[in-house]
Amino acid sequence: MGGTEGALAVRLVAGPPPGFPSGPGGLRSLREPGRAGAGGAEPSVCGLPALVTPEQAARLKKLQEQEKQQKVEFRKRMEKEVSDFIQDSGQIKKKFQPMNKIERSILHDVVEVAGLTSFSFGEDDECRYVMIFKKEFAPSDEELDSYRRGEEWDPQKAEEKRKLKELAQRQEEEAAQQGPVVVSPASDYKDKYSHLIGKGAAKDAAHMLQANKTYGCVPVANKRDTRSIEEAMNEIRAKKRLRQSGEELPPTS
């Protein structure tokens, strides 16, 4: 009972009575001796600001008592519903209507005292509701996720999803144990393109190469220079060294 009850009392009426201090510290100033009034200059008299009349203070006190009584009655009603739920062997969970934050906190406290499990669901604070479960039927993580998404829990569909997930996991483990998959083509590319490259290909085809005079391929027997590449390069290097040293070049054979 403190600032919370004062806030609830103000929520029950359309607004503060005429002449009540406004602002975040308005209601607190009614209960805190020595607190300044609206302008910060008025001292308190008997624990109440000088601007607050005795009628207004009495009305605030009455509102606070009404709020306290409402919370007591709400708790008794929740205790009865929870007790009926425990005695009903056919029920394993119970969903309550949407409640405000204070009502949900009271219900959670009643459920905890009774030895049950409770959860709040819903996106909006005004639309949040409480579900309670018996201890032996506590919800699974999948069930809680379903309620958080705003979906109804279907045990049969959940079991099917679980089996499919286990099957996919087993298949992945088996594939990992077997190692990489060797792909065998259905046909050989040599047979597929035999009409273009013939039956011989690669090295076999290279051994079958014939000189073609049309494209300037000269057989070794017809070449005038029979030196190898190494011999020709060595002779070129020797000529270059002699030219640089100024010596006379020997006649070539």
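## Basis and confidence

Residues are numbered from 1 along each chain as its sequence is written, and side-chain values use heavy atoms, with hydrogens and water left out. Because the model is predicted, local features need pLDDT of at least 70 and side-chain atom pairs count only at pLDDT 80 or more, whereas totals for chains, interfaces and linings use all residues.

The mean pLDDT (the predictor's confidence in each residue, from 0 to 100) of the protein chain is 74, and 66% of its residues reach 70 or more. Over residues 1-17 pLDDT stays under 50, and the model has 23 contacts (heavy atoms within 4.5 Å) beyond four places in sequence for them.

## The chain as a whole

The protein chain has 10 helices and five strands, which are DSSP runs numbered from the N terminus, with H or I over at least four residues for helices and E over at least two for strands. Of its 253 residues, 19% are buried, where buried means under 20% relative accessible area, exposed over 50% and partly exposed in between, with a 1.4 Å probe and protein chains only.

## The largest pocket

The largest pocket has a volume of about 410 Å³; a pocket is an open set of points on a 1 Å grid over the protein atoms alone, where a 1.4 Å probe fits, with protein on both sides within 12 Å along at least five of seven lines, and lining residues have an atom within 4 Å of a point. The volume is the space filled by probe spheres set on the points, which are joined across faces, edges and corners. Of the 15 lining residues, the closest to the centre are Glu-142, Trp-153, Lys-157, Ala-158 and Lys-161.

Helix 5 (141-148) and helix 6 (155-178) each supply at least two residues of this lining, and helix 6 gives the most, with seven.

## Gly-115

Gly-115 lies in the loop between helix 4 (101-114) and strand 4 (117-121), and is partly exposed, with a relative accessible area of 32%.
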